[in-house]
Amino acid sequence: DAVSVNSGIYLVMGANIGTSITNTIVSMGQMADGAQLERAFAGATVHDLFNLLSVAILFPLEIISHYLYHLTKAMLPDNVKDG
């Protein structure tokens, strides 16, 4: 069976948090060159903060109002809504 829209919203939020760990580990692969490591780690940190802040804002909004669910429902054509 397919993943429901409600479950998919939370899966995407979890994936955003998961990629925050991955990009930090990848940035550590630039250890050979200090300047490149600094840029890579700075980019990873910006990515982490964006993902964490997005989830910190959207997760409570979704829990309280189901905004993302209703937005997704409005974007889908009628024949897809029924399954």
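Tutor: Let us begin with a definition: a residue counts as exposed when its relative accessible area is over 50%, as buried when that area is under 20%, and as partly exposed in between. Please keep in mind that the structure above is a predicted model.

Student: What makes Arg39 count as exposed?

Tutor: The relative accessibility of Arg39 is 58%, and the cut-off for exposed is over 50%, so Arg39 falls in the exposed class.

Student: Why is Ile17 called partly exposed?

Tutor: Ile17, which lies in helix H1, has a relative accessible area of 33%. Because buried requires under 20% and exposed requires over 50%, a value of 33% belongs to the partly exposed class.

Student: Which residues does Ile17 touch, if we leave out those up to four places away in sequence?

Tutor: Ile17 touches Leu52 and Val55, where a contact means that heavy atoms come within 4.5 Å.

Student: Why is H1 described as roughly antiparallel to H2?

Tutor: Two packed helices are described by the angle between their axes and the distance between the axes. Here the axes of H1, residues 5–27, and H2, residues 34–65, come within 9 Å and cross at roughly 160°. Angles over 145 degrees count as roughly antiparallel, and therefore H1 is roughly antiparallel to H2. The crossing in which H1 passes H2 is left-handed.

Student: What elements does the protein have, and in which order do they run?

Tutor: The protein has four helices and zero strands, so that from the N terminus on the order reads α-α-α-α.

Student: How much of the protein is buried?

Tutor: Applying the cut-off of under 20% relative accessible area, buried residues make up 14% of the 83 residues. The accessible surface comes to about 6100 Å², and 69% of that surface belongs to carbon and sulfur atoms.

Notes: Residues numbered from 1 in each chain as written. Predicted model: local features only at pLDDT ≥ 70, side-chain atom pairs only at ≥ 80, totals over all residues. Heavy atoms only, no water. Helix = DSSP H or I, 4+ residues; strand = E, 2+ residues; numbered from the N terminus. Buried < 20%, exposed > 50% of the residue type's maximum accessible area, 1.4 Å probe, protein only. Areas by Shrake-Rupley, 256 points an atom, 1.4 Å probe, with all protein chains shown as cover. Axes fitted to C-alpha atoms, helices over the stretch in contact; angles between N-to-C directions. Parallel < 35°, antiparallel > 145°, perpendicular 65-115°, else oblique. Left-handed = near helix turned anticlockwise from the far one by under 90°.
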